[in-house]
Every structure is written in C-alpha cells, then in structure tokens.
Amino acid sequence: MENVKDISKQKYLSVKEIIAYSLGLFGFQAIVGLLNSYQAEFDGSILGADIAVVGILILVAKIISAVADPIVGGMVDRSKSKLGKFKGMITYSILPLLIFTAVIFINVPFKENKTLTYVWIFVTYLIWSIAMTMGDVPSQGIAAALTPNPTERTNVVSISNTAKQIGFSACVVIVPIVCLIIPQGSKVIVKKGETDLPMIASEYFWVAVLTAVLGCVLFALIPLINKERVVTESSEKITTKDMIAALKDNKPLMLVIVSYFLGFGRQMAMGIQVQAANVLLGSQNLVAVLGIVTAIGSMISMAICPVLIKKLNEKKVYLIMSIYGLAASVFSFVIGHFWFKACTSSEDWFKGGNAVLTVLFFLSLFLIGLQFGAVTLMPMIMTADCVDYYEYETGKRMEGAAYSILTLTIKVCLALGTALGLVFVGISGYSDTLKAIETGAAAGFETKTKDIIFFAYTVMPGILALLSVIPMFKYDIVGEKKAEISAALAERRGTAEE
C-alpha cells in the first residue's frame with residue numbers, strides 16, 4: 001500500500017511518453033491556432049465575407065458543436081476500446097480533422113453568392129469543430145490518466161502545455177515560409193521579397209494542407225506511445241443530465257469553469273492577431289513578430305509555473321498572474337498608443353527617439369505573455385485535481401465528463417473572444433481602410449483604428465482576466481487537502497489491487 005509520500009516520489013512516465021504527449025498537443029494546437037488566426041482573414045479577403053459576420057458564424061457553430069463535448073466525454077468514460085478509453089477516440093478524430101482543416105481554406109467558385117458562401121463557411125467550420133472536439137476532449141482528459149502521481153502530473157501538464165502554446169502560435173512561422181514558395185499550376189515558384197504582400201488563395205490552402213498533415217502526424221503520437229495508467233471502467237451511459245449533476249456536485253470544478261468563462265477575453269488576442277499585425281506592424285505576414293514576442297513570455301511562464309506552484313499553490317499563482325495580467329495589458333496599451341503616433345511605418349521604428357518606444361512596445365508584449373502560461377496551464381491542472389476530488393467524494397472517476405466540460409468551456413470562450421475581437425475590428429474601420437489602401441485611396445491605418453484594435457488586443461483581455469479571479473477565492477483543492485485526497489485514493493487503489 002502506498003502513502004502520499006511514496007506516490008509523490010514514484011515515477012511512472014518515461015521521457016519518451018512525455019515527449020510524445022507534448023508533441024501530440026503541439027500538432028493538435030497548430031491546427032487549432034491556424035483556424036483561430038487565419039480563417040476570418042481568409043473568409044474576408046479571399047471569399048469576400050464580412051469579418052464581423054464570420055465572427056458570429058464561428059460563435060454560433062462553436063455553441064452548436066459544444067453539444068458534442070458531453071457526448072464525446074460520455075463515450076470516453078464508458079469506452080471499452082482495446083486502444084484505451086482516451087486513445088481510441090483520439091485515433092478516430094485524426095482523419096476528419098485532417099480533411100476539414102484543408103477544406104475550410106478552399107477558394108470556392110460560388111463566392112459571389114454571399115448566402116451560399118456564408119452557409120459553406122458555417123457548415124464546414126461546424127464539421128471541423130465536431131472533429132476537433134473528438135480529439136480535444138480525450139487528449140486533455142488523458143492527462144489525468146497518465147500517472148497517479150499529482151506532482152508528476154503537474155510537471156507533465158506544464159511541459160505539454162508549453163508545447164501546446166508553441167503549437168498554437170506555430171502558424172505565425174509556417175505561414176511566412178509557405179508564402180515564399182507557393183504552387184502555381186504545375187510549377188513551384190519562389191516569391192522573392194514579396195512576403196509583405198497580402199496572402200493569395202493558394203497560399204492559404206497550402207498552409208492549411210501542410211499544417212493539417214504535420215499536426216495530425218504529431219497528434220497520432222499520443223495514442224501510439226502513451227499509456228493510460230489511472231483508468232476506471234464504466235459501462236453506464238452518461239447523459240448530459242448526469243454531467244450537469246456531476247458538475248453541480250463538484251464545486252471545485254464549477255469554480256474553475258465559471259472562472260474560465262469570466263476570463264474569456266484572454267482569447268481575443270489570438271483571434272485578431274492577423275488583423276492586429278496588419279494594422280500595428282504594417283503587414284499580416286509580420287504576425288510572426290507579434291506572436292513570437294508574446295509566445296516567448298508564455299513559454300517562460302509555463303516553465304516556471306511548477307516552481308511557483310510548489311512554493312505557493314495553484315490558487316495563489318492563478319490570482320497573482322491574473323491581476324498582473326491587467327497591469328501588463330494597460331501598460332502595453334499606453335505604450336502602444338504613443339508608439340503608433342510616432343511610427344507610421346516600420347521604417348520609423350528606430351529613427352531618433354522612436355527606438356526607445358519601439359523597444360518598450362515589444363517589451364510590453366513580452367510582459368503580457370508572462371500571464372498566459374499560468375492562466376492557460378492552471379485550469380488543466382485544477383481539472384485533473386477536481387477529477388481526483390470527485391472520485392474521493394463519490395467513488396466515481398469521470399475524466400471524460402470533467403474534461404469535456406472544460407474543453408467545451410475553452411471552445412466557447414475561444415469563440416466568444418474571437419467574435420468580440422472581430423466586432424472591435426469591424427467598428428474600427430479595418431475592412432474599409434484595408435480596401436482603401438489596396439486601391440491607393442489611403443496611405444495607412446489611422447491612429448484611431450490602431451487604438452481600437454490594440455485595445456481589443458490588450459486591455460479587454462486584461463479586464464476580463466481580472467474578473468476571472470472572483471470564483472478562485474473559494475477554490476480549495478490545494479496544499480494539505482490535495483495531499484490528503486491523493487493519499488486516500490492511493491490507499492483505495494492499493495486495496496483494490498490486493
């Protein structure tokens with residue numbers, strides 16, 4: 001029989017498994033990040049759709065597809081697949097995810113018909129969202145089954161979510177590379193010195209194909225290599241009503257979910273990153289510059305999170321980083337406002353006194369990134385702890401249900417954040433100014449447009465991040481209580497094995 005001390009020292013995961021799980025999440029999130037960052041721009045610039053309408057369509061499709069989350073969660077919890085309750089569902093998701101990632105970026109021949117175009121955008125994104133759910137729920141839920149050691153679990157979630165964050169931003173590197181070499185007819189040509197031009201239809205499509213293939217190959221590593229060690233079988237059909245009851249009875253999980261909903265604005269930045277790069281830096285292909293600076297901060301944050309959790313706890317780290325997020329966001333917005341006025345193009349960035357503002361601007365984006373690692377990582381760790389709490393209280397282990405609720409929340413928040421961000425883009429005059437620039441009627445974006453979009457990129461996420469801390473004051477699965485739960489579950493499992 002193992003006590004909590006033995007559990008915390010026992011190593012279950014091999015380095016190979018940690019790498020496979022991390023690369024799998026990297027690949028999966030590379031696909032999600034591509035859709036989140038580039039779909040609206042593709043629909044607007046290539047299919048001629050209104051960006052604000054696209055934002056609403058994405059939101060509605062996400063809400064409808066959210067019905068699939070509890071269904072998938074229930075299927076996972078009662079699965080008897082020989083591959084494993086999580087690994088089987090991941091395997092089934094790969095082919096539809098691969099196909100529809102590419103389909104969404106097809107330059108359809110009927111784009112002059114706006115009604116048909118909007119129907120196409122909605123239906124293809126809805127199908128993609130359901131395929132994504134099939135992979136998302138089990139790939140997140142398997143984290144609770146990889147190891148019974150909560151310390152080891154925190155570390156693997158931290159490492160894998162660092163890879164996940166990098167994957168989510170991978171498109172900002174893949175896109176410029178593909179824009180250098182694009183297929184045209186039967187030839188492959190090199191676009192020398194033209195990476196600052198707007199993307200064309202074939203570039204979007206081949207970026208999607210490359211990302212889909214790479215992402216799905218890496219995602220397949222999870223079922224191929226990882227082992228499910230903490231699994232309890234259930235033959236019962238878990239209904240949506242059962243899941244709502246489970247959430248109601250699992251107060252800590254409810255607090256995590258409510259907190260995530262209140263902080264949905266964190267998703268706004270990624271949802272409008274391409275438009276922000278176009279407005280703030282002068283080219284959508286400079287999104288790599290915008291994204292990488294923030295991503296570096298996020299990666300550092302995730303790397304130091306386990307250390308902070310060990311010294312403090314999940315709750316305190318979440319509270320500190322959320323409050324810090326608002327301060328960093330406001331600071332960045334103020335610096336950005338003066339920087340936009342001083343620099344009308346990239347040629348002005350390092351002229352005279354502008355150099356200091358330029359450095360401060362990118363430094364402020366880095367500082368914003370430092371919050372995202374913790375607030376992205378913490379719900380994953382807390383949900384795994386809530387799964388243990390529910391098993392401790394009821395004897396039932398519902399990873400599928402718990403993580404389907406979390407992934408449903410994440411997707412709805414992502415859609416809400418993207419939709420709200422695109423509304424800000426719409427009222428900023430972005431689309432009209434972009435058309436005027438392309439026809440030579442305007443020299444660039446006005447400071448007002450930049451301020452509105454940058455407000456949506458920084459301050460709104462910061463304000464909503466601060467709101468998200470309210471439920472966290474009552475979260476208590478930390479410290480001695482968390483250790484007590486782990487010890488009790490270890491004792492039960494040890495007794496069961498005997």
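## The second largest cavity

In this predicted model, the second largest cavity is lined by Val32, Leu35, Asn36, Gln39, Ala40, Ile58, Lys62, Tyr125, Trp128, Leu414, Ala415 and Thr418. Helix 2, helix 3 (51–65), helix 6 and helix 18 each give two or more residues to that lining, and helix 2 has the largest share, with 5 residues. By class, the lining of the second largest cavity splits into 8 nonpolar, 3 polar and 1 charged. Its volume comes out at about 100 Å³.

A few terms before moving on. A cavity here is a set of points, on a 1 Å grid over the protein atoms alone, where a 1.4 Å probe fits but cannot get out, and lining residues have an atom within 4 Å of a point. Grid points are joined across faces, edges and corners, and the volume is the space filled by probe spheres set on the points. Helices are DSSP runs (H or I, at least four residues), numbered from the N terminus. As for classes, Ala, Val, Leu, Ile, Met, Phe, Trp, Tyr, Cys and Pro count as nonpolar, Asp, Glu, Lys and Arg as charged, and the others, Gly among them, as polar.

Residues are numbered from 1 along each chain as its sequence is written. Since this is a predicted model, local features need pLDDT of at least 70 and side-chain atom pairs count only at pLDDT 80 or more, while totals for chains, interfaces and linings use all residues; side-chain values use heavy atoms, with hydrogens and water left out.

## The largest cavity

The structure holds 5 cavities of 30 Å³ or more, and the largest one has a volume of about 500 Å³. A set of 28 residues lines the largest cavity, with Gln165, Phe168, Tyr260, Gln267 and Thr376 nearest its centre. Elements giving two or more residues to this lining are helix 2 (15–45), helix 6 (114–141), helix 7 (150–168), helix 13 (268–271), helix 15 (287–311), helix 17 (354–394) and helix 18 (399–427).

## Helix 2 against helix 9

Now for the packing. Helix 2 and helix 9 (residues 201–219) pack at about 160°, with axes 7 Å apart; the axes are lines fitted to C-alpha atoms over the stretch in contact, and angles run from 0 to 180 degrees between N-to-C directions. That angle is why helix 2 is roughly antiparallel to helix 9 (the label is for angles over 145 degrees). The crossing of helix 2 and helix 9 is left-handed, that is, the near helix is turned anticlockwise from the far one by less than a right angle.

The contact of helix 2 with helix 9 has 15 nonpolar, 5 polar and 1 charged residues.

Gln273, Ala276, Val279 and Leu280 of helix 14 touch Thr449, Lys450, Ile453, Phe454 and Tyr457 of helix 20.

His337 sits in helix 16 and touches Thr447 and Asp451, not counting residues up to four places away in sequence. His337 and Phe454 are 117 residues apart in sequence but 8.4 Å apart in space, C-alpha to C-alpha.

Note on methods. 1 Å grid on protein atoms, 1.4 Å probe; cavity = no way out; pocket = protein on both sides within 12 Å on 5 of 7 lines; lining within 4 Å. Parallel < 35°, antiparallel > 145°, perpendicular 65-115°, else oblique. Contact = heavy atoms within 4.5 Å.
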